[in-house]
Amino acid sequence: MGNRSGVLELAVLGLLHEAPMHGYELRKRVNAQFGWGRVLSFGSLYPCLKAMLRNGLITADSGTPESGRRPKIVYTITADGKDFFAHAMHDAGPSAWEDDTFGVRFSFFGRTDPATRLRILEGRRARMEERLANFRAAMSRTAERMDAYTLELQRHGLESAEREVRWLNELIDGERRQQRPPDQHQPPTQGDPR
């Protein structure tokens, strides 16, 4: 799942899980939901759709043609596609928290079990903490040799990583609170016999 076509396949299956769509609508939704506007072209999408058709993950049906136009092909997820998607969403290995896949996985967290979500969030946090350490080490070694713009770019990367770690900490805390038994959600108040 770590490669770009695997991520696109997961994104398409997740969107088709919601409703059947034609290619233009899929491209528009992928670009809007995942920010791939500059990267995802029909030249990337249609080969992915053809491979998914060959693998039985989706079906394609021609709709009714609009005035003078050829019919739009509407794609629908199959039972095999739903199974593939569910299995992929359960995977919590390192590819799940990499930059290329994390956003897609996160956008479909509602279809991921709590334990898997927590493993992915913790893995992503560890990856970002590693990145923070590398940013800090690089800046301390080279700050005096950088021009002002390069230094600002380094600071921006550092601040972005720090923000993401804080956000991940909040998400992880929320997941852990949700996984506690109901009587453990609130600490006992004064005079509470618990």
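Q: Where does H22 sit?
A: This is a predicted model, and H22 in it belongs to strand β1.

Q: Buried or exposed, that H22?
A: H22 is buried: its relative accessible area is 17%, and the cut-off for buried is under 20%.

Q: What is H22 in contact with, leaving aside neighbours within four places in sequence?
A: On that count H22 touches K72, I73, V74 and Y75.

Q: V74 is on that list. Which strand is V74 in?
A: V74 lies in strand β3.

Q: And how does V74 count for accessibility?
A: V74 counts as partly exposed, with a relative accessibility of 28%.

Q: Take P20. How many residues apart in sequence are V74 and P20?
A: They are 54 residues apart in sequence, while their C-alpha atoms are 6.4 Å apart in space.

Q: OK, the sheet. In what order do the strands come?
A: The order is β1-β3-β2, in an open sheet of three strands with antiparallel pairing.

Q: Which strands stand at the edges?
A: β1, residues 21-22, and β2, residues 58-62, are the edge strands. Each has a single partner strand, so one side of each lacks a neighbour in the sheet.

Q: How many bridges between β1 and β3?
A: Two bridges, and the two strands pair in the antiparallel sense. M21 is opposite Y75 of β3.

Q: And how many join β2 to β3?
A: Five bridges join them, with β3 covering residues 73-77 and the strands running antiparallel.

Q: Which residue of β3 is opposite I58?
A: I77 of β3 is opposite I58.

Q: What about S62, which residue is its bridge partner in β3?
A: S62 has I73 as its bridge partner in β3. I73 is also among the residues that H22 contacts.

Q: Changing topic. How many helices and strands in the whole protein?
A: The protein has seven helices and three strands. Read from the N terminus, the elements go α-β-α-α-β-β-α-α-α-α.

Q: Helices, then. At what angle do α5 and α6 pack?
A: The angle is about 145 degrees, and the axes are 12 Å apart. Helix α5 spans residues 99-107 and helix α6 spans residues 114-142.

Q: Left-handed or right-handed crossing?
A: α5 passes α6 in a left-handed crossing.

Q: Which residues meet there?
A: From α5 they are D99, F102, R105 and F106; from α6 they are T116, I120, L121, R124 and R131.

Q: How many of those are nonpolar, polar or charged?
A: Four are nonpolar, one is polar and four are charged.

Q: Back to the whole chain. What share of residues is buried?
A: Of the 194 residues, 35% count as buried.

Q: And what is the accessible surface of the protein?
A: About 11700 Å², and carbon and sulfur atoms account for 51% of that.

Q: Last one. Among contacts between residues at least 6 apart in sequence, what share joins residues at least 24 apart?
A: The share is 57%. V74 and P20 stand 54 residues apart in sequence, and P20 is one of the residues in contact with V74.

Conventions
Residues numbered from 1 in each chain as written. Predicted model: local features only at pLDDT ≥ 70, side-chain atom pairs only at ≥ 80, totals over all residues. Heavy atoms only, no water. Pairing = 2+ DSSP bridges. Helix = DSSP H or I, 4+ residues; strand = E, 2+ residues; numbered from the N terminus. Buried < 20%, exposed > 50% of the residue type's maximum accessible area, 1.4 Å probe, protein only. Contact = heavy atoms within 4.5 Å. Areas by Shrake-Rupley, 256 points an atom, 1.4 Å probe, with all protein chains shown as cover. Axes fitted to C-alpha atoms, helices over the stretch in contact; angles between N-to-C directions. Left-handed = near helix turned anticlockwise from the far one by under 90°. Nonpolar A, V, L, I, M, F, W, Y, C, P; charged D, E, K, R; others polar.
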